[in-house]
Amino acid sequence: MKPTVNDTATAMVWLGFPVQRVAAGLGLVCGRKLLAGLAIFGFVISSTLCLQTQADDVVGTSDQLEFFEKEIRPLFATHCYGCHSVDAEKIQAGLLMDSRDGLLKGGDSGEAIVPGDANGSLLVEAVRYESYEMPPSGKLPQKDIQAIERWVQMGAPWPKETEPTAEVVRPEFNLQQRKVDHWVWQPIRQPSIPDVMDTAWPRDPLDRFVLAKLEEAKLKPAGDTDRAALMRRLYFDLIGLPPTVEQSTEFLSDTTEGATERLVDQLLDSPHFGERWGRHWLDLVRYAESRGHEFDNDAPNAFQYRDYVIRAFNKDVPYDQLVREHIAGDLLAEPRLHSAEGFNESILGTGFWFLGEWVHSPVDIRKDEADRFDNMIDVMSKTFLGVTVSCARCHDHKFDAISTADYYSLSGFLQSSDYRQVRFESIEHNQRIAKQLAQLDQGYQRQLKQLLTHSGDSLSASDPLSAGELKLEALKLEAMKLEAMKLEAMKLEAMPAELAQVVVFDFSKIPANDFTQDGFIFGLRPRLVGDAYLETIQGKPQLGFSDVSAAVSDSFWDGLTADSESNVQDRSSLAKVPRSGRTLRTPTFELANGTVACRVRGTGHVVACVDSHRLIAGPLHAGTVKPIQGDQAWVELNLNRYVGHRLHLEFTPAEGKSLEVMLVTQGASEQLRKQWLERESQFSASVKNFQQAAVKLLGERADEMAQAWMQERAKLQATIMLRSRLAMAMMDGTGEDDRVLIRGNSSKPGQVEPRHFLTAVTGNQPVEIGQGSGRLELAAQINDPANPLTSRVIVNRIWHYLMGRGIVPTTDDFGVLGQRPSHPELLDHLAIRFQDDGRSIKRMIRSIVVSRSYQMSSQSNMEAVAIDPKNALWHYRPPKRLEGEAIRDSLLLLSGELDPTQFGEPIPIHLTAFMDGRGRPGQSGPLDGAGRRSIYTAVRRNFLSPFMLTFDTPSPFSTMGRRNVSNVPAQALILMNDPFVVDQAQKWAKVAIENDLTVPGRIQWMYESAFARRPTQPEATIALEYLKLQSEEGDSKQNELQSWTNFAHALINTKEFIFLR
Amino acid sequence: MSNHKKYPCQRMQAEPNSRREMLKRSASGFGWLALAGLLPDPAYGGSTWSAKGVKGSNDGLGVAGHGPHHQVRAKNVIFLYMDGGPSQIDTFDPKPMLDKYNGQDPGKLFNVEPTQFNNNGNVLASPWKFKQYGQSGIPVSDLFPHVATCVDELAVIRSMVSEFPEHTFANYFLHTGSGLQGRPSMGAWVNYGLGSECQNLPGFVALNGGLIPPGGLDCFGSGFLPASFQGSVFKPSGSGVANIQRTEATVVQQRKKLDLVNQLDALAVDQFGKHDSLESAIRNYELAYSMQMAVPDVMSLASEPAHIQQMYGMDSKYQPTRIYAAQCLIARRMIQQGVRFIELTCPSVGGDRWDQHSNLKQGHENNALAVDQPIAALLKDLRSQGMLDETLVVWAGEFGRTPFAQGSDGRDHNPFGFTVWMAGGGVKPGIIYGGTDEFGYKAIENRMEVHDLHATMLHLMGVDHKRSTFRFGGRDMRLTDVKGHVVHDVIA
């Protein structure tokens, strides 16, 4: 089967696609006919013919050149030029192989050949399939590989020839030019309000922008819609539910001035407002409550983010604050607190970063991280900025003024940040306690020190030891000696040199900024050797002096409990470790040696968080989690798999146990570890001597002091908030810049790119970051009024949700591939208004819905449609199909089954026989979702509601600011046959019957509840006839409910039920 | 096409006057309606759409999406998904070297890549014998005695590679061209591009034999494409698909109810004005109504002759074989109705899917027993009915397995070289394409990427994979991402 090298023609047939590649590659230069002819004779002549050759100034002897032409160039042409020549349709990896210079210069991975050094040449490695595997279609025959080796070894002879150039010059990526060329990068400018002829029509300045364009096109706006339609529109647009009969009667009978505005205010104040607008927001942040992938693990407590969003919309949190909370809510000096319960709201916003898909056991763990970051950047940049930064992951953006460097400058913020389940209820409160505790402890430590160092001065005559001056001097001396030793111990240089080399972190000298933890149990700083502390031995408080320097968990905090989501389906081995608010985090480091040993004392767990991978299930990464047994001096992790990766360690004491962490080492031999323990015991011994002496010196005062210290601690301890709910949130890690990954390839890191915002907005100057990730600074740049993106994007979203189409229809992409604004001045007008009006979403909504533009009728006139068939200028209001959630919620409201309870754990999804696969929840949820609004139904990535999917609720993987609106028979099948729908129809019919009205009365009531209007005469007649026929069909009592159920079901299936006029 | 007439739903509608009319009408079945609303909007694909197709013009080409770009070789696809990753070296890629080095340390023979379970054992010879079959002489192991009788129909591709050694990534990748969740599946892309030829059935069906692949139903999702292109999950028993059974006691009752709906809808025009979106929604009810009849009909295997049922293995003693036999037979019947893309998932054989991390012998035997006879019957049946030439059958797992053991008697995941095969639909029959190294570990000859497989499948369906795009998130997305080459060597 294998062809011989000499038989080029056969080789080409056999190789299949290389023939295509060569044809594509050389076609422009040679012409296909010529190529076909040459193919028969092989490539010896073809490639040289095609290029202009110059006889002089060659590299190599004539024999060598002949070898090149005969053996090498044909090989390159056949196997490489499809991707690595100027004529390639797309040059791969930036490598050109059609000139010697090209090979010397190399591609993304550096020079391809080192003339004279075959083994040192990337090209040779690649054809040997050692690093790269080239050509990708299959390994070359050994003979060809040897030929290439030989050619490189002889110095890569190549005749001097003009470098081939492509016919088409590829445009350079010019960010500044692109910025100048595209509208969205231009500053937002206050446009003047346009003049209009029909000055009576506009109600709000925004109407003038709409009308001006209509007048320009000689169009008239459609008439005002009738009040019933407007009411139904407002109800659905603002709270996602239809008005009840009572509500609709109330509004329709109120014909006084300002009735609509009052209704709008009432709806904006409704608690349901946040559920409606919160759902829009969840579409943007790919909200889901499970991780998808193989086992669809839970994303525990995701619902806390959902509830946060609902509350934030209800509270009308200013948009800049909302942005700040999403990007850096964990870093705010003064977080926003829940008004009634006082917990930290702001930190919940950061949960959005972590709502994406998570993978267990990725073999390529770094690639997995790069994919997660990609999704986070994608969602962040589309949601807040309306640009597609992720398109620049592998190369500069194809169309927009966004560079690959911009992408990696943003990923640095994520490299510097971590995931946690935060104790959001107790964090603020307990932080205050932690500070008080530190003050309290410091007070006693100071007092003790004074007593010991100046004990001679302060001792009274009655003291039994006061007479022994010599003894006292001796003790003073001891104290001073210890002080010196303490200082010495803190110096890394004092360690044996071999040990110092393998120490990654020594908690005796860790900089304050690097001492980080989730919670407070390790205190504000490590406890250093000789530091006084309070210990309780057999219930009796005693003064202790630390014999080592370590990060020490404080039993003061024992008893913390966390309320996490119940029935969690989480296979992660971390799930059972009580980590929240109890975890010490080392700074991030690069692993140089896979044997990581930590000097610890106590009981608990250590977790090596490699490349931020945390869904540790299955055997592959099981070694990153290690229990710490009480009697262990060293806990060792075998991380050989991760050498070269970046990681940090997390230490958590077992519940009710303590944990001390002194050292983290990598590659420390048994011998070295033993040495360290010996050294430590020396300290330990002298500290113990000191302690005895000191206690003796203090006499009774030691006990008194310990007693007082304990009492004060106990008093403070009683105020700890022990219980807290948990939520996903960010936590600052070690501030670090990311490396550009060449072509997005996670195994090819390139230059470090400092953290900064988009170059097109703020230039590419690094952000000045005091400490940590710098997300707070990033949030400030996103919110900066000078940033042309943020305000435009959000007002456009609001316009889209209310009007059915954005001023920029592509709500998530304001870039070159997106659509241009239909009314650019209007967009800027709204953006500036929004900025000037405290960035209030509710007030922006109000302005739009009270405008005449919003209140136009859905009845269009034919002439206008002929001129503006796509309604680009807004001459009428097209009917809007309701979302799946609104349809389902309406059904519940009609049937009287709607449970208006807000918030809380998701209602399990109802599982049909067709919803199958790994990770299927053990139990199906109730058919009616417990009567709760749809936003409270569990969103499991692998088990999404078929009802919602069919009505275009997006599958949660990326930002979806504009849902599809499809129109398919499956929707009809659901409304016709889904047991939930039929069930609700029956319940609705029951309510109608119980109203005990006349038949026409019931019909009218049902019309009013479903459509907020009365039936027309013909409708009433048709309904009556249908019901009459129904009742004639069988026995009457049973039949009444059945007939009315059928009628109710029919109304649900009319288009008016799912379309808004 | 003519058999549309057979269906009860046809009573609802006049016979189409012409093929052109037929196409136009059928195009408006699944998917088209959704697109009708979207297409004029350049935000959705913009210029990649043929404006002619959008308006449903009667040229019959741009029936939905862009329509075919070139000659159509395969009208339909049956994708036989071998969940878990069958072993190439135990099925279609014999390697004598494994016998020679059986029990030896693979690390001494070749460079062993990281595996998912990191529990690598010694080189493991195949427990099965291989024989050459047919005129082509293609070797097949004893696991597939029935398929072996069809080898002259197959193009056996021994050089597939995937980018992922984990099931879920690899599944999404094989189904959607991306390792991550949320992209449209192959079947969705095909229907998006070509529209459905089938009025009463969805254009993309996943026939669930019992095992939904890791990654779940999103393997059949429509991603950012409209919901209409989602795969409909059918079970080869019961009502078949969700919400297909009417809730009314009788057809008459349902008809009356729908008549009432129609009457009221007609009056609603006064309220709304005339709008395409409303009219489409109204028309959907008739389509949905006829689907209720068409689905039970296509699922009803009793009407198949006894010898056909036997050929498929409907009478097999082994229950998984009976399940897969029903799936294959339903697939053939759906093809006859014009369903564009049908995927068959595997039946459960009690143990694991084709994912033998241990107990390779028993596990692979059970999985092979379940599918072998039905697959062979499907190929023969399609051939004898003259349908194989227009139906592309693809047999593929998400990756292959290692030539060395996991533990002592299993094999771990191997994305570096594995076997898939194609048949019918313009595929070159009776050939072997590409090859792995002497241990069957890595593809070294004519490596074929998953993107290449997709490009080739689309090509056979008349679609240029580079031109079938949908704009989402600032990019013109396609099934093959930015990659993929049509492998012409496997095309007849």
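F1047(A) reaches across to the other chain. Leaving aside neighbours within four places in sequence, F1047(A) is in contact (heavy atoms within 4.5 Å) with I1003(A), M1006(A), Y1007(A), A1023(A), Y1026(A), L1027(A) and L260(B). The model is predicted: local features need pLDDT of at least 70, side-chain atom pairs count only at pLDDT 80 or more, and totals for chains, interfaces and linings use all residues. Residues are numbered from 1 along each chain, chains are lettered from A, and side-chain values use heavy atoms, without hydrogens and water.

F1047(A) also belongs to the largest nonpolar core, of 308 residues. Such a core is a set of buried (under 20% relative accessible area, 1.4 Å probe, protein chains only) Ala, Val, Leu, Ile, Met, Phe, Trp, Tyr and Cys residues joined through side-chain atoms within 4.5 Å. F1047(A), W281(A), L649(A), F651(A), L80(B) and W421(B) touch the most other members. Another core lies apart, with 64 residues, including Y192(B) and F341(B).

Now the interface between the chains.

| Chain B with chain A | Value |
|---|---|
| Residues in contact | 99 residues from chain B, 94 residues from chain A |
| Buried area | about 8200 Å² |
| Salt bridges | three salt bridges |

Buried area is the accessible area (1.4 Å probe) lost when two parts are put together, summed over both. Carbon and sulfur atoms give 57% of that area. N243(B), Q271(B) and F272(B) supply 9% of the area that chain B buries against chain A, more than any other three residues.

A salt bridge puts a Lys or Arg side-chain nitrogen within 4 Å of an Asp or Glu carboxyl oxygen. R918(A) and D352(B) form one, at 3.8 Å, N to O.

Note on methods:
Buried < 20%, exposed > 50% of the residue type's maximum accessible area, 1.4 Å probe, protein only.
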